[in-house]
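Today I'm looking up salt bridges.

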Amino acid sequence: FSFEKVSKRRRLDIASANTALRLETEGQGPRPVILAAMLSAGGMGPTPLVLPKAGALLVGQAPTAELARKVAAQAVAETSPMGDVRGSAGYRARLLERLVLAHFLRLFPESGLAEELFP
């Protein structure tokens with residue numbers, strides 16, 4: 001499980017964007033196979049969203065930089081970010097994309113994905 005958020009303060013603040021990713025994996029090593037996944041996004045609109053298409057892209061796959069980018073792009077495609085005082089719609093979309101990539105770095109720290117995603 002991984003939770004990522006961007007806000008002005010670390011605690012007790014409404015996030016500009018946040019996302020959670022829950023995975024079930026099988027196998028040892030830095031890149032296990034993903035058996036089940038659920039991805040959500042908050043701060044994109046009035047209520048948090050579950051992103052079923054983005055989560056479905058993960059099932060049956062091993063984590064790679066290409067997969068992370070596809071999931072991030074699908075997450076943005078599944079939302080309609082709002083703009084307000086915490087950020088424009090474009091800013092929130094970019095935050096969501098980067099936060100999804102951060103899930104991969106947090107969940108698979110020994111996979112070498114950091115170098116692939118951020119050369």
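First, a term I needed: helices (H or I, at least four residues) and strands (E, at least two) are DSSP runs, numbered from the N terminus.

Ground rules. I'm working with a predicted model, where local features need pLDDT of at least 70 and side-chain atom pairs count only at pLDDT 80 or more, while totals for chains, interfaces and linings use all residues. Residues are numbered from 1 along each chain as its sequence is written, and side-chain values use heavy atoms, with hydrogens and water left out.

Entry on the count. I looked up the salt bridges (a side-chain nitrogen of Lys or Arg within 4 Å of a carboxyl oxygen of Asp or Glu) and got 7 in the structure.

Entry on helix α2. Which residue pairs with K70 in a salt bridge? I found E66, with the closest N and O atoms 3.4 Å apart. Both sit in helix α2 (residues 65–77), 4 residues apart, so about one turn of the helix. I noted K70 as partly exposed, at a relative accessible area of 46%; buried is under 20%, exposed is over 50%, and partly exposed is in between (1.4 Å probe, protein chains only).

Entry on R86. Its salt bridge goes to D84, closest N and O atoms 3.4 Å apart. R86 is partly exposed at 31%, and D84 is partly exposed at 30%.

Entry on helix α3. E97 bridges to R94, with the closest N and O atoms 2.7 Å apart. They are 3 residues apart in helix α3 (residues 89–107), about one helical turn. I have E97 as partly exposed at 26% and R94 as partly exposed at 44%.
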